[in-house]
There are 2 protein chains.
Amino acid sequence: MATHAQVSVTAVSKVIRNAYGVSPAMKDRVKAAIEELGYRPQAVARGMRGRTFTIGLVLPHIRNPFFADILDGLTEYLENTDYQAFMIQGGATRKVELRAVDALMDRQVDGIIMVAPLASKARLEEVAKEKPTVVLARHERSSYYDSVFDDDEAGAELVVNHLVELGHRRIAHITHQDDSQARPADLLHNIRSATYERVMREHGLGDEIAIATSFYHEQGGYEGARELLSRPTPPTAIFAGADQAALGALAAVHEAGLSVPGDVSVAGYDNIHLAALPNIALTSVDQDGAEMGRAAGKLLLERIEGRMTPVRFSVTPSLVVRGSTAAPGSSGD
Amino acid sequence: MATHAQVSVTAVSKVIRNAYGVSPAMKDRVKAAIEELGYRPQAVARGMRGRTFTIGLVLPHIRNPFFADILDGLTEYLENTDYQAFMIQGGATRKVELRAVDALMDRQVDGIIMVAPLASKARLEEVAKEKPTVVLARHERSSYYDSVFDDDEAGAELVVNHLVELGHRRIAHITHQDDSQARPADLLHNIRSATYERVMREHGLGDEIAIATSFYHEQGGYEGARELLSRPTPPTAIFAGADQAALGALAAVHEAGLSVPGDVSVAGYDNIHLAALPNIALTSVDQDGAEMGRAAGKLLLERIEGRMTPVRFSVTPSLVVRGSTAAPGSSGD
DNA sequence: ATGAAAGCGCTAACAA
DNA sequence: TTGTTAGCGCTTTCAT
């Protein structure tokens with residue numbers, strides 16, 4: 001490229017990097033040549049000396065539409081930068097999650113953004129010592145990486161208070177289980193679950209606490225709700241820790257011949273698009289995923305630019321009340 | 001690494017690549033050193049001389065759970081290889097889609113698998129001439145890349161026949177619109193739509209053809225169905241070209257005060273997990289996404305190994321009948 | 001079987 | 001302001 005355009009490789013490099021020390025004339029000449037030859041710098045070669053302009057995003061899976069919001073926010077933020085985000089699947093086991101992060105490191109990404117609920121904090125810090133890192137959806141405080149998360153305590157509180165205010169007492173909860181090495185209190189599902197218990201007690205409903213431990217997906221919510229509904233004193237309201245589980249819970253309630261919200265109210269968390277459909281009308285907690293994605297991108301680039309001090313960015317959720325929740329025994333549906 | 005372990009860099013390289021010309025003794029020594037130092041080869045450096053062991057997957061977005069099946073299939077297939085798949089979002093416009101592919105090329109991925117409905121065939125072939133390429137979900141025949149797709153004609157036929165057999169005559173269809181530069185007949189939504197028209201005619205129902213042009217997502221299906229239901233002679237059955245749209249259609253039907261399948265039958269395409277939930281019970285066409293992902297991975301690796309002749313892999317869909325479809329005017333719901 | 005050495009396409013230090 | 005040069009960490013010849 002350089003020889004073909006009668007300029008030195010250094011000149012080309014400088015122009016591409018917007019570096020200091022090129023005359024306007026030279027700049028024009030190089031730019032013209034780049035244009036003409038359709039030249040594109042090889043990221044791997046750049047990576048050998050410095051940056052690859054690649055950032056890695058680890059997501060456990062892509063089945064939760066909430067992750068799509070995060071990715072969209074991140075993509076939007078990176079649009080005006082030289083960086084490109086690539087997503088790699090973290091999977092369902094710790095082993096796979098670790099391997100995904102390693103795969104990113106092996107490829108010299110400039111930074112890592114991850115939703116990694118399974119790894120230990122120690123492991124995350126090892127990674128963060130090597131590469132600029134932003135951790136999503138975990139609440140622990142680290143001096144090595146930035147954190148972006150939803151205030152899950154506030155969100156869960158909104159839901160339980162809403163159900164109590166409607167007059168419910170037998171409010172049950174569906175939570176998620178995994179074999180994480182994180183401190184339980186740092187994981188969102190445990191926070192939502194613990195907050196549910198706390199708020200129930202604060203309302204004097206400690207004896208009504210009923211938790212089904214299952215998974216944050218359709219099948220998990222379905223099975224969790226079935227289990228709850230089969231108990232001697234079934235709940236009049238179910239708070240599923242995630243919308244995907246709430247969709248399963250709705251199915252279980254209907255299948256049991258009960259109506260929503262007439263017989264059972266159902267609420268979720270995440271406010272996925274589906275929740276807004278009139279025949280689902282799921283009361284849910286909205287956390288701004290796109291905002292989280294943007295924030296993660298911004299924080300990561302700051303780290304890449306050299307910031308070493310940790311930053312924690314927290315999104316405040318809000319309750320979106322829809323038709324799936326109402327006073328117990330209301331004629332509804 | 002090499003010096004530290006008293007072996008030459010060449011030896012290390014050979015061992016890592018399983019190359020010819022290392023004695024068992026040397027092999028052991030190197031392996032021990034690799035283990036001890038936790039050495040991991042840099043993919044970018046390897047990429048400068050040969051492969052990066054990275055394959056790029058382009059998906060338009062990650063909101064369709066069907067894409068998750070594809071990714072899972074691909075990931076599963078690559079698990080026992082040295083390759084890693086990274087996903088990049090192709091986005092909603094042709095410009096973004098092209099940029100995503102460029103980003104992959106810039107990073108010297110060893111091959112590209114893409115769901116790229118917007119690009120022209122010519123553009124795909126340009127890419128395929130540079131890099132081993134597998135194109136998903138498009139039906140055109142190219143001599144430069146492999147194709148993996150669902151037999152959308154067969155699938156659409158299954159749905160329309162099913163509805164006709166139930167006794168429906170006023171069967172409407174919801175299709176998807178975009179500003180693709182592909183030949184329309186090569187895109188799955190056009191194939192489904194054209195097949196719907198053809199089968200309707202074959203059943204002597206040419207006059208009943210009613211198509212709402214919208215989008216393959218919840219909102220699109222909702223709006224499409226509303227439009228269809230507001231016509232002078234509303235349909236008794238709606239075939240949405242994708243489950244996501246079908247979910248929106250279900251919402252519109254319910255909102256109109258009509259019952260499913262009593263007043264209106266609804267069928268979709270993709271058989272996403274949600275379709276199986278008892279309260280949704282969506283009749284849908286199952287296409288094996290995981291199988292498509294595995295096939296794409298296999299074909300791509302073959303190409304990377306040197307195959308130049310094009311292969312087309314087609315998945316045969318099957319109909320999954322559930323509660324959302326029944327004879328017109330049946331008491332159901 | 002082994003390792004020295006060239007070179008992939010860049011960036012950064014330095015010389016001119 | 002410019003261009004020459006030395007590597008970055010690998011793979012691949014090619015002597016030994």
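Is B:Glu76 buried, exposed or partly exposed? B:Glu76 is partly exposed, with a relative accessible area of 42%, where buried means under 20% relative accessible area, exposed over 50% and partly exposed in between, computed with a 1.4 Å probe on protein chains only.

This is a predicted model, in which local features need pLDDT of at least 70 and side-chain atom pairs count only at pLDDT 80 or more, while totals for chains, interfaces and linings use all residues. Residues are numbered from 1 along each chain as its sequence is written, chains are lettered from A and ligands numbered from 1 in the order in which they are written, and side-chain values use heavy atoms, with hydrogens and water left out.

## Salt bridges within the chains

B:Glu76 forms a salt bridge with B:Arg294, at 3.1 Å from N to O; the term stands for a side-chain nitrogen of Lys or Arg within 4 Å of a carboxyl oxygen of Asp or Glu. Because B:Arg294 lies in helix 11 (residues 289-304) of chain B and B:Glu76 in helix 4 (residues 65-78) of chain B, the pair ties together parts that are 218 residues apart in sequence. Helices (H or I, at least four residues) and strands (E, at least two) are DSSP runs, numbered from the N terminus. B:Arg294 is partly exposed as well, with a relative accessible area of 24%.

In chain A, A:Arg307 forms a salt bridge with A:Asp146, and both of these residues are buried. A:Arg307 sits in the loop between helix 11 (289-304) and strand 11 (312-315) of chain A, whereas A:Asp146 belongs to strand 5 (residues 146-150), so the pair ties together parts that are 161 residues apart in sequence. A further salt bridge joins A:Glu126 and A:Arg123; being three residues apart in helix 6 (residues 121-130) of chain A, these two are separated by about one helical turn. Over all chains, the count by this rule comes to 46 salt bridges.

| Salt bridge | N to O distance |
|---|---|
| B:Arg294 and B:Glu76 | 3.1 Å |
| A:Arg307 and A:Asp146 | 2.8 Å |
| A:Glu126 and A:Arg123 | 3.1 Å |
| B:Arg40 and A:Asp102 | 3.5 Å |

## Where chain A meets chain B

The contact, meaning heavy atoms within 4.5 Å, takes 49 residues from chain A and 49 residues from chain B. The area buried between the two chains is about 4,300 Å², of which carbon and sulfur atoms give 62%; buried area is the accessible area (1.4 Å probe) that two parts lose on being put together, summed over both. A:Ile62, A:Arg63 and A:Arg107 supply 17% of the area that chain A buries against chain B, more than any other three residues.

Across this interface the rule finds eight salt bridges, and the side chains of B:Arg40 and A:Asp102 meet in a salt bridge. A network of salt bridges also links A:Arg40, B:Asp102, B:Asp106, B:Arg123 and B:Glu126.

## The surface near DNA strand C

Around DNA strand C there are 19 residues, of which A:Ser13, A:Arg17, A:Tyr39, B:Lys14 and B:Ser23 come nearest; a residue is near a molecule or strand if one of its heavy atoms lies within 4 Å of it. A base nitrogen of DNA strand C, in turn, lies 3.5 Å from a backbone N or O atom of A:Ala45.

## Backbone details

The peptide bond from A:Val260 to A:Pro261 is cis, with omega near 5°, and the bond from B:Val260 to B:Pro261 is cis, with omega near 0°. B:Asn18 has a positive phi of about 60° although it is not a glycine, and this residue counts as exposed at 59% relative accessibility. B:Gln108, also a residue other than glycine, has a positive phi near 55°, but B:Gln108 is buried, with a relative accessible area of 13%.

Note on methods. Polar contact = N/O pair within 3.5 Å; in protein donor to acceptor, adjacent residues only side chain to side chain.
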